[in-house]
Amino acid sequence: MVNQVIFFYFAVVILASAILTITQKNPIHSVMFMLLLFFHIAGVFVLLNAEFLAAVQLIVYAGAILILYLFVVMLLNVDRESTAARANRFWPWMAGFGALIAAEVILLIARGTFPSEAGQQPMRLAGSGVKELGELLYQKYLVPFEVASIILLVGLVGAVMLAKKRASD
Amino acid sequence: MLDMNQLLHYVFTLGIPVAVLLAFILANAVYLQLMERKVLAHMQGRLGPMRTGWHGLLQPIADSVKFLMKEDIIPAKADKWVFSLAPFILLVMAFGSMVIIPYGPPTDFFGLLPKKVPLWVSNLNVGILFVLAFSSVGTYGVIMAGWASNNKYSLMGGFRSAAQMISYEIPMAFSIITVVLMSGSLNLSDIVNAQTDRWFVVALPVGPVAFFLYLMSGIAETNRVPFDLPEAESELVAGYFTEYSGIRFGMFYMAEYMNMIVVSLLASIMFLGGWLPVQILPHTLGHIAPIAFINKLLAAIPPTIWLLGKLYFFIFFYMWLRATLPRYRYDQLMSISWKILLPLSLGTLLVAAGMKQMGWL
């Protein structure tokens, strides 16, 4: 009962802050609502007994990625951004693709089966799940894990190459 | 519904720890300010605050009342919401970290209580990760304060602070991972218990290096001398909190001291054996009678006192640094982190992982 109340609190705040993130005129306010969103997603992970995921959610998304967003957004001219046009002439295309993706997500959720009701605690691991996660990632799924890290490395090198000053400049 | 026993259980495991922790936090938040002023004054051959109470003991109370009574000014061009929220984010994140930290093993206070109660509010299995997460989210408070003030000095201070906190988080995380490797756990109580035989600060060869890395990046994370560029008063007035006044300014001060406490507590827990007592070479010299007697005496001091002693040693160290060292230049600050601390921390981690694999650690 208590779990369900907490779950619905998280769910409502997640939805509200997600909507506010994309409707705010000021990009900094958008980032702030996104921070709220990440916090509540971490809260849902805690509710599911996935403390490790909650911590990683905060460290990676809130602590690293969103901070970089904030940096970029602050370097923009906020006054100009907040009065800029929200859409250009391609907006019907964008709306169409958005609707398509939304339909797909809704279809997937409708067809999926969930092992338990919302707000229940399905995972009852002995520890924090770190050991199990480590064994899965570094033994069973070692190759996909390494491939993912190589893809990240390629992205990193690519960013450095793009930002590098050429000798002729 | 809850029955009486369950209610009592919650009171003992949740209500009392939270109340005690809150009292501890608030007492520290006001009195560390006095300690800092006194330590600095005596190091500079002055007396510090002397007039309010005996040797200025009531000064923090007078200061707090002043903070509360002052007008809370929000600049006209400031972003009001973000401006008002920023100090709360910093403070809440610092409080959050303190909730996870264990302050001693479960105790019954020398038989005063019918059963042993934990000296922590929450003993998370991944506690150390949460402390890292909270400290990285605390950065938002600084950036928000800097940006929302609509003042170029504040913005510069906020940017500097954010860049600094992001840069020094990396060597800090690597030194913490080294400790996690050595102890084999992410739980702070388990990390302390893993140090029963030897503290990690003397676990050669990686222990001292990781300790040095953690201490350096911890000082930088809390924006203290010699890494206090975000509030460099000769360049930036007061950095990101230039425009703040009254109680919100006081909250920034509180958050700074809270963060110092968190970093010091973690340093004590991860490297100096947490609440374990100092023992003089128990394995080699422990059988000699006078040394064995001293060791027994040291072990008789309650664990929490040991932890607090280590904590205040680090706090004193912070103040000592402030009285001694000049400030780094900004480019030096960045190159120290990226060119010295980061490679060193990666190397430490590699050596530690190799030693763990060989079973030497």
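Two residues are in contact if their C-beta atoms, placed from the backbone, lie within 7 Å. All views show a predicted model.

**View 1. Surroundings of B:M270 in the predicted model.** Neighbours within four places in sequence are left aside here.

**View 2. The largest nonpolar core.** This core has 118 residues. B:M270 is among those with the most contacts inside it, together with B:L129 and B:Y214. Helix α9 of chain B, residues 246-271, gives the most to the core: 16 residues. In soluble globular proteins, nonpolar side chains tend to be buried together.

**View 3. Helices α1 and α11 of chain B.** Helix α1(B) spans residues 4-43, and helix α11(B) spans residues 303-324. They pack at an angle of about 45 degrees, with their axes 9 Å apart. α1(B) is therefore oblique to α11(B). Their crossing is right-handed. From α1(B) come B:L32, B:E36, B:V39, B:L40 and B:M43. They meet B:I315, B:F316, B:M319, B:R322 and B:A323 in α11(B). By class, the residues of this contact are eight nonpolar, no polar and two charged.

**View 4. The side of chain B that touches chain A.** Here 17 residues of chain B are in contact with 17 residues of chain A. Two elements of chain B, α4 (127-148) and α5 (152-183), each give two or more residues to this side. α4(B) gives the most, with ten residues. The side of chain B that touches chain A has 14 nonpolar and three polar residues, and no charged ones.

Key: Residues numbered from 1 in each chain as written. Chains lettered and ligands numbered in written order. Predicted model: local features only at pLDDT ≥ 70, side-chain atom pairs only at ≥ 80, totals over all residues. Helix = DSSP H or I, 4+ residues; strand = E, 2+ residues; numbered from the N terminus. Nonpolar A, V, L, I, M, F, W, Y, C, P; charged D, E, K, R; others polar. Axes fitted to C-alpha atoms, helices over the stretch in contact; angles between N-to-C directions. Parallel < 35°, antiparallel > 145°, perpendicular 65-115°, else oblique. Left-handed = near helix turned anticlockwise from the far one by under 90°. Core = buried A, V, L, I, M, F, W, Y, C linked by C-beta atoms within 7 Å. Buried ≥ 20, exposed ≤ 12 C-beta atoms within 10 Å, placed from the backbone.
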